Amino acid sequence: MHTIHFTLNGREVIARDVDPNTTLLNWLRDQGHTGTKEGCAEGECGACAVALVVKDGAGSRYLPVNSCLLLLGAVGGREVITVEGVRAPGTATSLDRQPHVVQQAMIEQAGSQCGYCTPGFVVSLFAEYYRKDRAATGFDPESIGGNLCRCTGYRPIVDAGRSLPVLQPGSQDGFAARLASPAPPVEKLELAYEGHESERFLFRPTELTDALDYLAEHPDAYLVSGGTDIVVELNQRHRRLDRMLLLEGIEELQQIRRGEEYLEIGAGVSLGRVETELSAEVPLLGELLPLFSSRLIRARATLGGNLGTASPIGDSPPALLALDAELCLASKAATRWVPLCEFFTGYRQTLRESGELITSVRIPMPQPDVARFYKVSKREFDDISTVAAGFSLRTKQGLIESARLCYGGVAATPVRATAAEQALQGQRWSKPALELALAALEHVFTPMTDQRGSAEYRRRMVTKLLERFWFDTAPDSPAQSSSRKVG
Ligand SMILES: Cc1cc2nc3c(=O)[nH]c(=O)nc-3n(C[C@H](O)[C@H](O)[C@H](O)COP(=O)(O)OP(=O)(O)OC[C@H]3O[C@@H](n4cnc5c(N)ncnc54)[C@H](O)[C@@H]3O)c2cc1C
Ligand code: FES
Ligand code: FES
């Protein structure tokens with residue numbers, strides 16, 4: 001109840017009497033493992049990156065994550081590699097330490113100046129070096145997409161990535177050999193801590209029934225999935241949670257189920273997995289996910305967390321609304337399916353009742369005939385939306401049977417533009433149909449002004465994004481007719 005055991009750079013460690021609100025980064029640095037840096041403490045810079053050994057088929061892989069957003073309780077039983085553990089295979093002691101091939105590449109390509117970001121880059125490159133299909137795909141620059149460098153410039157770092165040799169099968173590399181065997185299973189963990197002001201508890205079950213029993217007994221328990229929202233609040237606003245229910249060990253929430261009528265995605269499936277496993281089957285999610293924060297965040301962030309946080313600028317709601325998704329809410333007493341379009345009831349309010357958690361999201365199959373996701377933000381990648389939109393059309397014999405035009409960032413909740421959807425019904429997807437929908441979109445939303453954009457700008461984006469959808473997809477748009485001519 002008072003200790004967390006895990007493997008750190010190949011050695012068993014025990015963390016005793018820690019507040020469950022403690023992050024791995026803070027614990028590491030308190031213990032003198034100061035190679036891992038804190039840049040921002042909110043998932044933006046990657047200076048704190050560490051690698052977890054996670055399941056990959058029958059074996060495992062290295063998954064880089066931001067340790068500033070990882071609760072120490074989430075690490076219990078796992079294997080963690082920090083920059084101190086990245087060294088030439090076979091040079092196990094600190095006296096005999098030689099650089100790893102990724103560190104050597106950073107030296108040779110002059111990939112470091114002040115060095116503050118370097119441990120994070122080294123860990124991300126380490127995971128990329130051991131990625132099993134790297135020999136086939138070559139170096140993936142996205143592997144360092146969540147790492148920021150303020151002084152070196154990215155070219156030398158990308159050059160270091162590109163210069164990495166292909167790992168030869170059967171090479172005497174212990175880090176590669178480790179990946180042949182499974183990752184440690186995520187085990188049940190209970191933590192109690194007597195703080196100055198209050199007692200604090202963390203429970204990480206492995207069975208959904210245990211989680212629901214616990215939530216029935218402690219309806220005040222705070223649900224934590226990937227932690228990429230809530231741990232930012234712990235770090236930046238110094239919020240402290242007295243009781244946490246960590247959902248990441250629950251296998252039932254990690255499932256992806258394919259049926260003829262539905263695709264069901266467990267609420268605990270990471271967005272990284274959704275991106276790699278489902279982008280081809282659900283192209284709208286395939287468009288959205290590369291624009292959703294960075295790969296370091298997507299490694300931990302979940303759909304359950306993105307819906308549970310109920311932010312009006314969350315990126316998955318407009319896409320999932322356009323796909324007519326439903327979500328499953330479970331409590332000890334009952335399970336119910338709720339259409340996503342009814343889930344958000346007000347600013348950061350939802351239909352979820354005390355004692356309930358989201359267990360999965362269900363997307364009707366087959367996919368719509370036409371669908372697109374658009375995100376307006378100050379930077380193309382790794383930024384929060386000013387406005388986002390998910391659009392889809394189902395057609396029959398050339399006429400629109402149903403349309404879904406869904407927005408984030410233009411009201412207190414993610415919303416559907418139902419009048420504009422109805423205006424499109426029965427029409428051929430064309431400029432005149434667009435005009436009807438645009439007329440129905442006038443003045444329906446009540447966006448706010450904030451630092452990301454004015455209300456007026458957001459209102460204009462509502463119509464501009466629909467025009468863009470027409471431009472990108474309608475047979476009578478100049479883009480479509482010119483691409484037909486070229487083709
Ligand atoms: C640097 C950075 C960039 C980001 N970029 C984006 C972005 O581009 N787009 C975007 O939409 N978001 C972004 N986010 C926000 C965040 O990553 C997402 O909202 C993410 O999906 C949250 O998932 P999580 O599993 O980490 O949630 P958590 O932090 O674990 O939980 C978030 C909330 O959901 C609740 N919750 C968690 N799981 C469940 C469940 N199963 N049932 C009910 N409630 C639940 C929690 O109680 C909490 O209130 C970003 C965050 C950071 C730090
Ligand atoms: S310290 Fe910046 S991402 Fe963790
Ligand atoms: S080397 Fe200084 S921040 Fe990257």
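Reply: Helices (H or I, at least four residues) and strands (E, at least two) are DSSP runs, numbered from the N terminus. This is a predicted model, in which local features need pLDDT of at least 70, side-chain atom pairs count only at pLDDT 80 or more, and totals for chains, interfaces and linings use all residues. Residues are numbered from 1 along each chain as its sequence is written, while chains are lettered from A and ligands numbered from 1 in the order in which they are written.

The protein chain has 19 helices and 20 strands. Its radius of gyration (taken over C-alpha atoms) is 24 Å, close to the 23 Å from the globule rule for 487 residues, so the chain is as compact as a globular protein of that length. That rule is 2.2 Å times the number of residues to the power 0.38.

Now the helix pair. Helix H3 covers residues 101-108 and helix H4 residues 118-129; they pack at an angle of about 125°, with axes 9 Å apart. Axes are lines fitted to C-alpha atoms, for helices over the stretch in contact, and angles run from 0 to 180 degrees between N-to-C directions. H3 is therefore oblique to H4; angles under 35 degrees count as roughly parallel, over 145 as roughly antiparallel, 65 to 115 as roughly perpendicular and the rest as oblique.

On the H3 side, the contact involves Val-101, Val-102, Gln-103 and Met-106; on the H4 side, Thr-118, Phe-121, Val-122, Leu-125, Phe-126 and Tyr-129. Two residues are in contact if their C-beta atoms, placed from the backbone, lie within 7 Å. The residues of this contact divide into 8 nonpolar, 2 polar and no charged. Here Ala, Val, Leu, Ile, Met, Phe, Trp, Tyr, Cys and Pro count as nonpolar, Asp, Glu, Lys and Arg as charged, and the others, Gly among them, as polar.

A residue is buried if 20 or more other C-beta atoms lie within 10 Å of its own, exposed if 12 or fewer, and partly exposed in between. Ala-310, in the loop between helix H13 (303-308) and helix H14 (316-322), is buried, with 20 other C-beta atoms within 10 Å. Its phi is near 55°, a positive value in a residue other than glycine. The peptide bond from Met-365 to Pro-366 is cis, with omega near -5°. Most residues other than glycine have a negative phi, and most peptide bonds are trans.
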